[in-house]
Amino acid sequence: MYVKFPVNAVGITSEFGMRTHPITKVGRYHYGLDLGWIKYPGEPVYATHDATVIEESYNSSMGNHIVLKYTKGNNTIINIYMHLKARSLVKKGKKVIQGQKLGYMGETGLADGVHLHFEYWVCPKNYKYKSGEASKYAKNPLNYCYLFDDQTVTKNSSSKVNRVVGTPTTKNKTKNQIEVLKENLNCRTSPSLKGTILGYINQVV
């Protein structure tokens, strides 16, 4: 299962890495991806992957936030959603599915304007979440999240995102095969395996 961007209208306002904090004006590492789009203030925020809610709370820095956890391969993946408009619609201990609404982006906590601060941590298997360990485990979400066919992206962010082309798939259980429309496989610059790949198939199993 590919990881889906946590908003349906993707506009990147601040990337992962070193920056000057917009409020404190101090240089510090930004361990997440800020997503916002002035045309759609306060848009819904969704689960990027099937997961379990391991924290749902408020503090003066993260504001209203929710933390999800799931296993992918040999790693525990932590997704953190900060600055929500209100407390999350889903509480601690509950399971969520990809695309399930968690709440709405806001500007609670240490935030400059309405946006979602989203973090993607790759941790050891069976990792137990501790909020102060972003420097150990946080990765650039742009390397792990994909834009699906039912999502949109701003022009200035379009070149920064990976895409999943032809996400609708079915599985033929009698043959144990994935069935994908032929046109979705022709996602290359030429009808050859040597052609540059323009997108990827999301193989739902």
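Predicted model: local features only at pLDDT ≥ 70, side-chain atom pairs only at ≥ 80, totals over all residues.
Start with strand E13, residues 116–124. Eight of its nine residues are buried, and the strand is mostly covered. Select strand E10, residues 75–84, which pairs with E13 in the antiparallel sense over eight bridges. Within this pairing, Ile78 stands opposite Trp121 of E13. Next select strand E6, residues 33–35: three bridges join E6 to E13, and the two run antiparallel. Here Leu33 has Phe118 in E13 as its bridge partner. Then select strand E14, residues 138–139, which is antiparallel to E13 and joined to it by two bridges.

Ring pairs link Trp121 with Tyr127, Tyr129 and Tyr137 in a cluster.

The structure holds eight aromatic pairs. For one of them, select Phe16 and Tyr29: the ring centres are 5.5 Å apart and the planes stand at 85 degrees, so the pair is edge-to-face. Phe16 lies in the loop between strands E3 (12–14) and E4 (17–20), while Tyr29 is in strand E5 (residues 27–30), 13 residues apart. Is Tyr29 buried or partly exposed? Its relative accessibility is 38%, so Tyr29 counts as partly exposed.

Finish with an open sheet of three strands, in the order E1-E15-E17, with parallel pairing. The edge strands, E1 (3–4) and E17 (162–163), each pair on one side only. Select E15, residues 145–147, to see its two parallel bridges to E17. In one of these strands, E17, Arg163 is the bridge partner of Leu147.

Methods:
Residues numbered from 1 in each chain as written. Heavy atoms only, no water. Pairing = 2+ DSSP bridges. Helix = DSSP H or I, 4+ residues; strand = E, 2+ residues; numbered from the N terminus. Phe/Tyr/Trp six-rings, centres within 6.5 Å; stacked < 30°, edge-to-face > 60°. Buried < 20%, exposed > 50% of the residue type's maximum accessible area, 1.4 Å probe, protein only.
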